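Please look through the structure shown below. The paragraphs after it go from one chain to another.

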Amino acid sequence: MPFLKRYLLPRIVQYLVVIFIGGTLVFIIPRLMPVDPVQQTLQRITIQGAFLDPRAIEQIRETLLELYGLKGSLMEQYFALWHRLLRGDFGPSYVQFPTPVMTLIKISLPWTVGLLVTTTVLSWTVGNILGGIAAYYSHRRWAQLMENVAMVIRPIPYYIIALALLLLLAYAVPIFPVTGGFSIGRSFVLSWGLVLDILKHAFLPALSLAIVGTATWFMTMRLLVSNLLAEDYIVYAQIAGVQDGEILYNYAIRNAMLPQVTGLTLSLGQIFGGALITETVFSYPGLGTLLYSSINSGDYNLMMGITLLSVVAIATGVLIMDLIYPFLDPRIRYE
Amino acid sequence: MFKVLTSLLRQDKRFLFGFIVMVILLAGGALAGFSPHDPRLWSVVPRDLPPSSKYWLGTNSMGQDVFWQALWAIRNSLVMAVIAVVSSRIIAVAAGLLAGYRGGLIDRVLMTVTDSFVILPLLPILILITSIFKSRLSVTSLGILLGIFGWAWDARVIRSQVLSLREREFTYTAILSGMSTGRIIFREYMPFIFPLITATAMNNMLWAIGMEVTLAVLGLVSLEVPTLGTMIHWAVNSQAMLLGIWWWILTPVVLCVFIFLALYLLSLSINQFLDPRVRVQRLQEIKG
Amino acid sequence: MKLTGRYAGLLLLVLSILVAASSLALAQIGPDIPREETLIVDILTGRNPNPRRFNAWAPGTTLDAGIQQLMLDTLWCVEYAQGEILNVVAAAPPMYNDDYTQMTVKLREGLYWSDGVAFTADDLVFTVETLKANPGMNYQAEFDMFVKEVYKTDDYTVVFELKEPNSRFHTYFLNRWGACRIMPKHIWENVDNPMAFDFYPPVSLGQYVLKDVDPGGYWFLWEKREDWERTAVGQLYGEPKPRYVLFHFYGPPERKVIAQSRHELDMCDLTMESLQASWENPGFRTYRKEYPWIVNIDPCITGITFNALVEPFDNKDVRWALALAMDIVDVMALSFDGAGVMGALLVPPTPVYLDWYYEPMEEWLREFTLDIEVDGAPFKPYDPGAAKRLADYAAGRGYDVPDDPAKQREIFGYGWWKYAPEVAAQLLERNGFSRDKDGGWLLPDGTPWKITITSHPNPAHPAYKNSFAIAQQWRRFGIEVEVVTTEQYNTLATYGQFEVSSVWPAYEPWGGHPDMYRTLRMWDSDLHRPVGEVTYGHQGRWSHPDLDVIIDKLEKIGFDDPELIPLAIEGLKITTAEMPSIATFGYPGFVGWDETYWTNYPGAENPYQQPYQHWPNFKFMLPFLEPAGNK
Amino acid sequence: MDVLRVEGLKAFYIVESAGEQRAVKAVNDVSLSVRENEVLGIAGESGCGKSTLLKSLLGNIRPPLRHMGGKVTYLQGEREVDILSLGKEERQKLMWQHISYVPQGSLSVLNPVRRIGDTFRSFVGAHLEIKKEPGRFESLVKRHLEDLGLPVDTLKAYPHQLSGGMRQRVTIALATILKPRLILADEPSTALDVVVQRGVIQLLRDIQTEQRNTIVMVTHDMAIHANISDRVAIMYAGRIIEEAPVEQIFMKPLHPYTQYLIGSLPRIGDKSHRISAPGAPPSLVSLPPGCAFHPRCPQAKPICRQEIPALSLAAKEHRVACFLAAKEDADVDSTEAAGSR
């Protein structure tokens, strides 16, 4: 089948290459860092222990190198990495030794996924619809207003937006919680109250992400649609008296959506890297803070685990996207 | 060129706005050299003063004049962005031309690498790298680092342009007339590729400036070099928002907005001037 | 446009539901936990990514979210506000034999684990034996090295037979900011792999027991035990007042300010700036109610460390020159707006150490000279008037500062080194340094002198601000300085890959005991390693034969020997004359307390206890807090 | 009876370049009437304004094209409506059921991501209530395609799956599904090869016979006009310069330009050299004074350089705008002359 050979096969090869490059990168980069995970652990012990005999530290160091699997040459470590990864094992966290990296990721992942999937999809949808509308009715005053607002919001550093929201809605007008995923002491039994509670806590981080996300999608979509408006099939449909709503949705947005869908895949894949800044600002219990603290503490395995997961997720997302793309764009299917 | 500029300035209000803002910003950056203070010295002026006729944008908690700091920040951020743009353009053009012109295996290999760079989660990787090199991350090296990660997208755009050029008549004519590959590329293709380079450069510049701010907020760049990012870093960590030192935090934020607006509007009208299709083409390239 | 309208409507509906839901319950804590019976405190070390791990004996477990404060009491504990050592689980101080090869511990009677099982000598013996047998666990190496045998003589007496003499073996069980804690034998004896065991839900020996944790690791809720009197603190101080203690990490300082403004955080650590931003919060107070607000009893000294193995910092004159090129008043002004207690010695200037060391050494300091002549007389670098200069600066900033010199000394410290750039220049020039035409310093080989300071990456950490402030001094003096803040600064220091670092200039002493062995021992020459190797001594890699002799002597005398202080003073004279690190000021603790729900915090006016929530001693404070009566 | 009357229509492209406003006079004072049930051909070189004229007839005037004057009146039942003064809604109501449009370039006019059937549905749905009557649309479309001899399967296809000829047929089917009284066709067969072209034209003709509607056919291809048109109007530089029944145009062209146009057509058995008009058509931005054709006209007289000839009756049903052909009608409307300068 030529479709298989010309379309599918290159994409699967691509998929494997990306994962390989990603895995190699996340193996090499941390090892270039002067952070020594054993040293970091020793430091924690030194801070926590009353007084360690200097000679004892030498002994602990040896033991830890052994336990962490950091003995042996880089090549050996590198092969050990792929060997483990193929079994879906990211090894133990160094800092939280001997807890497996997977356990830590599993604790944090649901929060990040919950927050980011919702906001990404929401802002993608809203941004695209508003962007399409604003482009279609670009001469109207409200459309221009929307564009100007988006144009000003877009470049403000996200960190500032998040912080400003927090100060505004948790400090100046304290209607939302400052931090956390849900109320303290609330039993974690599924109920309407719990759902509401989680939503309430997720609201500010979600809002901050949605504002920026919507503005970004809005601007791309506006550009795409305004370029499409000169297309013959849109002009033709307009002449034929097809209603604006129909043209906007089935003609303009449907066509402009194609690149946006790919964009969505890419940004959904980024979830596994965590919304690093969001989570730091709102102290949200997700992967972003986990990743950041793992970098700070030189926890190679945890770093590699999260980054690699992110690479795999994006690559898989893009692969799936490539596979279903022909269904979205009939032109590709019959190429 | 000059004629194009004047006609764009006269007929396109967006271009006019972007141009004026950009000229002001560039002039500001150039003016930084005349700063009466070493930007890395503290306690050169009284602390925490609001804007006044003496200190146009007030002073910060470290005893620096926000106005002059801002000029330095513009200069450094723009220099950083330009370096990022130039270096990423070089890679993108080289990869795009080679892949598009040679085709075959080279094309496939190059495009696979390119796609990998598009897909890799940039922020975690950049954080990893910057936390290694932080101490040595000057404005120049940060620019180059961002350049290394910012080319992939545009290499694809250039490649597809070359692909379509290759199919055109004049390429065959040129080949038949014995023109060398280099001459074909530079004499025949460049006029078509150059607009693409300009168009993608603006977006890349915005990306580089935004990335610098993110990394600086996380404290991952050389903090004593004033850039838009480090200005925000110091202001936030000195609680400028809570303490009401708004002139300190607002200055870099407003500058960010203006730089973005200027570059965005410039790129929009330049694109339109060159070819209204380019932008769509670029965005549609995502699907690869 | 119909469709858009519908979307907007939907969005508005969701929004209003959320807002309505939010305004119903404002507080962070759930409805079942009464706020007025709960003390909410900050977690110093941040989010705990593995919140259901309570194995305090494996490396890496986060301890300061309740484990060390409320759950696992230790044998002894340092109390540095009063300068004493408390017997907590132990009933008495340790008893050594004459050659320090045997240590006997008497345990408190009537203590119970939170699951109702009695605490006995078996628990302690089991703990030591278990740790000793499991490589990788905390204290395994130490116990392996020193413990020949551990056994009980009765249910409340444990004897340690040591392999070699060790006059300070008990300090492994002396809680300063961590110590060896005791395992409940009845739980751990069934554990196969003590390293992997999570110990969840945990069993407590303290007055509180874990009630709930955040799966995300941001908070830990502890509840008062019903049998609180069957604990060491119960026997010592009685019933703790809060029914719940909530450890809650809010994030960077501004978030703590916000939380306190909402009365959702009672005790926390702030920074100078966030403290200033907190004044509008009703009920807010600091350690001192007036300027400089900070905690002055923290047993750590800040400063800057030279790498003695790197040129030109191997030269004592260079180190002294850099000290004299610093204006301590400007350093403190830049880093904390003058709030701090300056200390010239490598000893934290807390009230007890001022009594033990600064007071006795003041006369010596005043007369101390460098071997360089200024105006024909040996130069005396000590400046007893530095505190006054700092006080004048603060007054100039509009703060209320007492005029009484004695009060000023108490608030700002005893004195520091003179700001004498010209003497510094003299010191450098006689070592071959020179200046270029712009006044920039050149190394003896004629190349420009550039110093890189490696520092802590967290803006909330004192070392961060301090290194930038010090960089300013040297830059003004004509040296090119770069500050590199990096997560790796500690590792870099341990490997000796630095020139100048903001790691602790000297190891912290016990805090509540005059013994300086803990500090001085780190400069022992046999601990030092070349650059590129991990050092187990002080990262500055400086040592001195005379100091080695003093360390040897200290090692041979016991913890309560009257010679401790005189010996330490001799050691400190050496570290002063040699200037291996420059001490600047005591660790400024910017504590912020909210008095809306709780009062009688141990502030400067009544320092009955150390003031932090992250120290193990926090538990001793709880019986003295008073509910403010607000609902 | 005239189903469409164009009076003094002017539509210019207003372009700004280098800060100056310039008018591209694409449709410049065109008057025209279309009778019921006829095929009116509009011919001319590319760039003469014929496509713009069609756009204006459709009321599809959007920047940079601007309506500068004149009326386009359709007769709808008993009612006369000026399409250029209608609101958007009303204009759309007029479309497809009364006026329809077959565009040029069939690939680009069909939505690439929707099936042909969906495009039919949205076009029909815009004018008929098909949602409430299930099956009505399906049977309508099916019958229509069958009538036109098109396979019903094409409804399931995407535009790019069809051949160019099939796409053009589909476009024609799309334009005629609601049996419009008037079909405006813009180069419907350009870019197709000759055999396919013939089929497409034949299809249009069949439809016209079947549905008894009126067609305005714009194409530069005189052969097509010969084939299908009843009357032909020749455009040059934004104006209609000659208008006559098709036989008259071919047999007795009066305007020198038309003569060149006809003269350049290949004829079976004629081996003589074909003469086309010398020079190139003028720029619509700066028209020459007087008759726009005079620089290319071998018989130009002084008056041709000064005044614009009006379109006037030269023979029965035959009107021409040329001082040479209609000497008796030399008095020129001075206001119009001023307006076009």
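Among contacts in chain A between residues at least 6 apart in sequence, 73% join residues at least 24 apart; two residues are in contact if their C-beta atoms, placed from the backbone, lie within 7 Å. This is a predicted model, in which local features need pLDDT of at least 70, side-chain atom pairs count only at pLDDT 80 or more, and totals for chains, interfaces and linings use all residues. Residues are numbered from 1 along each chain as its sequence is written, while chains are lettered from A and ligands numbered from 1 in the order in which they are written.

Chain A has 14 helices and zero strands. Helices (H or I, at least four residues) and strands (E, at least two) are DSSP runs, numbered from the N terminus. Of the 335 residues of chain A, 53% are buried. A residue is buried if 20 or more other C-beta atoms lie within 10 Å of its own, exposed if 12 or fewer, and partly exposed in between, with C-beta atoms placed from the backbone.

In chain C, helix α3 (residues 121–133) has 13 residues and reaches 19 Å from its first C-alpha to its last, close to the expected 18 Å. That expected span is 1.5 Å times one less than the number of residues. The buried residues of α3(C) include Leu124(C), Phe126(C) and Leu131(C). What do the buried residues of α3(C) pack against? Their partners are α4 (140–146), β6 (147–154), β7 (157–162) and α5 (185–188) of chain C.

Further along chain C, strands β21 (residues 450–455) and β22 (residues 480–485) pair in the parallel sense over six bridges; two strands pair if DSSP finds at least two bridges between them. Thr452(C) has Glu482(C) in β22(C) as its bridge partner. From β21(C) the chain crosses through helix α15 (residues 462–477) to β22(C), a right-handed β-α-β crossover. Right-handed means that, with the strands pointing away from the viewer, the path from the first strand over the helix to the second runs clockwise.

Chain D holds an open sheet of eight strands in the order β6-β7-β8-β3-β9-β10-β12-β11, with mixed pairing. The strands β6 (99–102) and β11 (312–315) of chain D stand at the edges, each with a single partner strand, so one side of each is left without a neighbour in the sheet. Within chain D, β10 (residues 239–245) and β12 (residues 318–320) pair in the antiparallel sense over two bridges, and Glu242(D) stands opposite Val320(D) in β12(D).
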